Amino acid sequence: MDLFPALPRESWAATKETLHRFLQIVGKVRLAASVRRNHWWNVPFHLTGSGITTRPTGPLADGTVFSVDFDFAAHRLRVLNLDGRQASFPLMGLSVAGFYRAFTGTLSHLGIGILPEHPYPFDLPDAARPFAEDNEHAAYDPAAVTRYWTILTQVMLILEKYAAGYSGKTSPVHHFWHTFDIAVTRFSDRNVTQGPSVDPVTREAYSREVISSGFWFGDDRSYPEPAFYSYTAPEPDGLARQPLEPATAQWTQNNGSHLALLPYDDVRTAPDTRAEILRFYDSAFVAGAHLAGWPTDRLCPGGVTDPQVRNAFKAP
C-alpha cells in the first residue's frame with residue numbers, strides 16, 4: 001500500500017470541491033451544537049480508524065447527544081444518537097444540495113433538533129449561494145477520496161509525533177473543515193494584544209503567541225498543490241531569513257506574512273518521508289521560537305530529532 005500516494009490537485013479538483021462543502025455542512029452543525037473551547041478547539045474534526053468524526057456533540061436543550069462520522073472506507077455518512085439509534089447514507093451520487101437534504105433529513109429522523117446557523121459555504125467562491133441550492137458540485141471519486149484519507153491519516157500520525165516533542169500548551173491534531181487542512185499548534189505563555197478591528201474568531205484563535213504546523217491539499221490562494229506548512233504568529237522580524245530543512249523547503253509570502261512550505265511531491269517518495277517532514281516542522285519551529293524568544297525548556301527530550309536543528313534552538 002502506498003502510504004504517501006500522489007494526489008495532484010487537478011486530479012481530483014471537482015471531488016475536492018464537493019467534499020469540502022460536505023465537510024462544511026457537517027462542521028457548521030458541530031459549531032452550532034458543541035461546547036465552546038479555547039481557541040475554537042471544539043470546532044474541527046478528529047480522525048477515526050475509517051474517516052473523520054465530529055466526536056460526541058451536545059447536549060442539546062432536550063439532552064440529545066449525537067455524533068456524525070464520515071466513513072471513507074465505506075464512503076458513507078453516519079449519524080449516531082446516544083440512545084443507540086443511527087442512520088447513514090452514501091456519499092457518492094449526491095450534489096451539495098442533495099447532501100444537505102439527506103443530512104438534515106437524517107438529523108430530523110433521529111430527533112436531533114439542530115441545523116447550521118449559516119447554511120452557506122465559508123470563504124469559498126460561492127459563499128453567497130445556500131448549500132440547499134448548490135447542484136453544481138456533485139463529483140465524488142471514491143479512489144481519490146481514499147488517497148485523501150490515506151494522506152490525512154499519515155500526516156495525522158506525523159503531527160502527533162511532532163506534538164509530543166513539546167511540553168507547553170499544544171492543541172489537538174485536528175482537521176479544519178473550513179480550510180480543508182490538518183494542523184497542530186504550539187503556544188507560548190505570552191498573551192497577544194490585538195487591535196479593536198480584529199474579528200472575534202481571530203482574536204480568540206491568536207490570543208497567545210503560536211507556531212502552527214500542518215498540511216493542506218492545495219488551493220487557489222495560498223499554494224496550488226499539496227504541501228506541508230508552518231507559520232509563527234505574531235511573526236517575528238527576520239523570520240523569512242531563517243534556514244529551513246530539507247533543502248526544498250522555502251518561505252513564501254501569504255497575506256502580508258510568511259509561510260514555511262514543503263511541497264508534498266518533494267518528499268512523498270523520499271527514502272524516509274516521515275523523517276523529512278519532521279525535519280521541516282522542527283526547522284520552522286526553531287526559526288520562529290528562537291526569534292520570538294520562546295523558552296528552551298519546553299522541548300521534550302528528543303523533541304527535535306535533527307541535531308543541527310536542535311542545536312540552533314538557543315535563547316536569544
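**The sheet and its helices**

Mentor: Six strands form an open sheet with antiparallel pairing, in the order β6-β7-β8-β9-β11-β10. Keep in mind that this is a predicted model.

Trainee: Which strands stand at the edges?
Mentor: β6 (174-176) and β10 (250-254) do. Each has a single partner strand, so one side of each lacks a neighbour in the sheet.

Trainee: How much twist from one strand to the next?
Mentor: It averages 35°.

Trainee: How many bridges join β7 and β8?
Mentor: Eight, in the antiparallel sense. β7 covers residues 181-191 and β8 covers residues 208-216.

Trainee: And what is the bridge partner of Ile182 in β8?
Mentor: Phe215.

Trainee: Which strands does helix α6 touch?
Mentor: Helix α6 (residues 273-292) packs on the sheet and touches β7, β8, β9, β10 and β11 (257-263). Its direction makes about 15° with that of β9.

Trainee: What about α3, what does that helix lie across?
Mentor: Helix α3 (residues 142-163) lies across β6, β7, β8 and β9 (227-233). It runs at about 25° to β7.

Trainee: Switching to the whole chain. How many helices and strands?
Mentor: Seven helices and 11 strands.

Trainee: Why call it as compact as a globular protein of that length?
Mentor: Because its radius of gyration is 20 Å, close to the 20 Å that the globule rule gives for 316 residues.

Trainee: What percentage of residues is buried?
Mentor: 53% of the 316 residues.

Trainee: And the accessible surface? What does that come to?
Mentor: About 13900 Å², with 52% belonging to carbon and sulfur atoms.

Definitions and conventions
Residues numbered from 1 in each chain as written. Predicted model: local features only at pLDDT ≥ 70, side-chain atom pairs only at ≥ 80, totals over all residues. Heavy atoms only, no water. Pairing = 2+ DSSP bridges. Helix = DSSP H or I, 4+ residues; strand = E, 2+ residues; numbered from the N terminus. Axes fitted to C-alpha atoms, helices over the stretch in contact; angles between N-to-C directions. Contact = heavy atoms within 4.5 Å. Rg over C-alpha atoms; globule rule 2.2 N^0.38 Å. Buried < 20%, exposed > 50% of the residue type's maximum accessible area, 1.4 Å probe, protein only. Areas by Shrake-Rupley, 256 points an atom, 1.4 Å probe, with all protein chains shown as cover.
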